[in-house]
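Let's take a walk through this protein chain, stopping at a few spots worth a look on the screen.

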Amino acid sequence: MRKGLALLGATGSIGCSTLEIVDAHPDRFRVCSLTGGRNLQRLLEQVRCYRPSLVGVLTARDAEWLRAELRDDAIEVCHGEEGLVRCAAVPGADITVSAIVGAAGLVPTMAAIEAGKDIALANKETLVTAGPLVMAAARRRGVSILPVDSEHSAIFQSLQGQQGNAVRRVILTASGGPFRETCLADLQSVTLAQALNHPNWSMGQKITIDSATMMNKGLEVIEARWLFDLEPRQIDVHIHPQSIIHSMVEYRDGSVIAQLGVPDMKAPIAYALSYPERIELPLAPLDLCRLGQLTFSEPDPKRFGCLGLAYRALELGGTAPAVLNAANEVVVQAFLDGLIGFMEIPKLIASALDRHQVQALDSIDDALQADRWGREQTRQLIEAGEEVAR
Ligand SMILES: NC(=O)C1=CN([C@@H]2O[C@H](COP(=O)(O)OP(=O)(O)OC[C@H]3O[C@@H](n4cnc5c(N)ncnc54)[C@H](OP(=O)(O)O)[C@@H]3O)[C@@H](O)[C@H]2O)C=CC1
Ligand SMILES: CC(=O)[C@@H](O)[C@H](O)COP(=O)(O)O
Ligand SMILES: [Mn+2]
């Protein structure tokens with residue numbers, strides 16, 4: 001029986017890599033639903049190729065356009081958040097690939113969990129915004145949350161066969177991004193093009209900027225806390241510029257188990273889709289002798305303040321991580337739009353967190369409300385900053 005996939009964020013970097021895996025294994029996987037955002041042309045091509053029964057787009061107008069292009073009554077096109085929710089929970093799908101970027105992924109991912117789908121989770125912002133609620137819902141519905149994020153897949157793989165309470169800590173590896181060796185003074189004037197030039201991974205714009213600030217690693221610390229039920233003090237970060245060791249687990253007896261591979265997201269995506277099996281992938285082999293050395297160092301908290309902010313949000317608990325995430329999404333977009341400089345990113349997020357009165361996180365509505373508050377507050381901070389600058 002082929003596994004049915006609901007694919008949220010099909011037109012993005014993770015979405016396209018997922019479809020490459022489907023192409024390599026048409027005997028194993030079939031596509032039940034696809035969703036896209038602004039890249040309607042790419043979505044149209046994907047729908048023609050994979051013929052899902054349900055497709056989700058952003059607006060009613062986009063849906064009209066897609067229907068007119070497709071002229072196919074066997075393919076239903078829906079739109080908006082309601083459309084995303086329907087695609088996430090589409091009948092016939094066994095697993096939902098959550099690969100929308102940002103907190104916009106939370107509601108559809110929850111809908112998939114409530115519908116009893118296993119989740120291949122790329123969208124880390126879902127766990128940052130509402131980690132305890134998402135994990136509790138998954139437990140209640142008896143569904144698996146299978147990590148796609150390369151570090152978390154590495155930890156998940158390194159935990160296979162573990163018995164009892166044997167983990168001392170996990171070590172997330174970080175490439176250090178394009179500014180790993182840039183001094184504090186020079187970071188003030190780095191350009192968008194430089195920030196988008198990740199040394200090892202080809203990814204969507206938002207996560208690429210997150211890697212440059214190292215907020216990506218901060219979000220991943222929070223993601224690891226919930227995925228693997230770890231205390232924050234059990235999660236360390238090492239800079240590893242080669243991105244060959246994707247992360248490690250240190251056990252109580254001092255043994256460290258790591259997962260290695262060439263930096264290609266098809267590997268963790270395929271593991272999430274085929275778990276517990278491993279399937280053939282057309283990837284370049286890992287040639288350690290040619291690489292020669294793997295190196296490690298500690299992250300510099302002065303240059304990469306976002307990492308410390310994520311630990312702080314985790315410590316504050318409740319709604320603080322949702323506000324951290326929302327503020328980050330707003331400032332990253334402002335940086336992409338040329339409204340703020342690179343080093344304003346951590347400052348603005350810190351200001352938003354400082355202004356937040358942490359509340360308990362008892363429901364998804366609490367998380368969504370904190371998300372809205374964080375966005376609004378950060379927009380105001382950016383506007384206030386502009387007025388000061390004028
Ligand atoms: N790329 C990678 O290698 C990795 C990514 N991740 C995580 O996976 C997620 C996706 O990342 P990535 O693929 O790089 O991102 P991309 O920006 O490449 O793709 C994002 C996808 O989400 C869609 N989308 C964007 N905003 C919305 C919205 N508001 N509503 C509905 N759909 C939307 C986009 O549509 P469109 O493009 O058509 O506008 C696109 O299909 C992120 O959470 C990221 O942190 C984790 C590890 C690695
Ligand atoms: C591929 C992946 O999982 C990304 O999250 C990646 O880890 C980003 O690289 P950084 O280590 O630079 O954040
Ligand atoms: Mn990652």
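UniProt positions follow the numbering used here, feature names are shortened, and annotations may be inferred rather than shown by experiment. With that in mind, the unreviewed UniProt entry lists Thr-11, Gly-12, Ser-13, Ile-14, Gly-37, Arg-38, Asn-39, Asn-123, Glu-125 and Gly-204 under "binding site".

A word on the model: it is predicted, with local features needing pLDDT of at least 70 and side-chain atom pairs counting only at pLDDT 80 or more, while totals for chains, interfaces and linings use all residues. Residues are numbered from 1 along each chain as its sequence is written, and chains are lettered from A and ligands numbered from 1 in the order in which they are written.

**Two of the listed residues**

Ile-14 sits in helix 1 (residues 13-24); helices here are DSSP runs of H or I with at least four residues, strands are E runs of at least two, and both are numbered from the N terminus. Is Ile-14 buried or exposed? Ile-14 is buried, because 28 other C-beta atoms lie within 10 Å; the cut-offs are 20 or more for buried, 12 or fewer for exposed and partly exposed in between, with C-beta atoms placed from the backbone. Skipping residues up to four places away in sequence, Ile-14 touches Gly-9, Ala-99, Ala-122, Val-148, Met-265 and Ile-269, where contact means C-beta atoms, placed from the backbone, within 7 Å. Arg-38 is in the loop between strand 2 (29-35) and helix 2 (40-50), and counts as exposed with 11 C-beta neighbours inside 10 Å.

**Two domains**

The domain assignment (bounds of this kind come from an automatic or database source) gives domain 1 (3-147) and domain 2 (172-259 + 302-383). Their centres, taken over C-alpha atoms, are 25 Å apart. The contact takes 19 residues from domain 1 and 20 residues from domain 2. On the domain 1 side, helix 5 (106-114), helix 6 (124-141) and strand 7 (145-147) each bring at least two residues, and helix 6 gives the most, with 10 residues. That side of domain 1 has 12 nonpolar, five polar and two charged residues; Ala, Val, Leu, Ile, Met, Phe, Trp, Tyr, Cys and Pro count as nonpolar, Asp, Glu, Lys and Arg as charged, and the others, Gly among them, as polar.

Val-358 lies in the loop between helix 16 (344-355) and helix 17 (364-389). Which residues does Val-358 contact, leaving aside neighbours within four places in sequence? They are Leu-316, Gly-317, Gly-318, Thr-319 and Ala-320. Val-358 and Thr-319 are 39 residues apart in sequence and 5.6 Å apart in space, C-alpha to C-alpha. With 16 C-beta neighbours inside 10 Å, Val-358 is partly exposed.

Most residues other than glycine have a negative phi, and most peptide bonds are trans.

| Residue | Phi | C-beta neighbours inside 10 Å |
|---|---|---|
| Arg-51 | about 45° | 15, partly exposed |

Arg-51 is in the loop between helix 2 and strand 3 (54-57), while Arg-71 is in the loop between helix 3 (60-70) and strand 4 (76-79). There's also a cis peptide bond joining Tyr-275 and Pro-276, with omega about 5°. Pro-276 is in the loop between helix 12 (266-274) and helix 13 (288-291).

Conventions: Contact = placed C-beta atoms within 7 Å.
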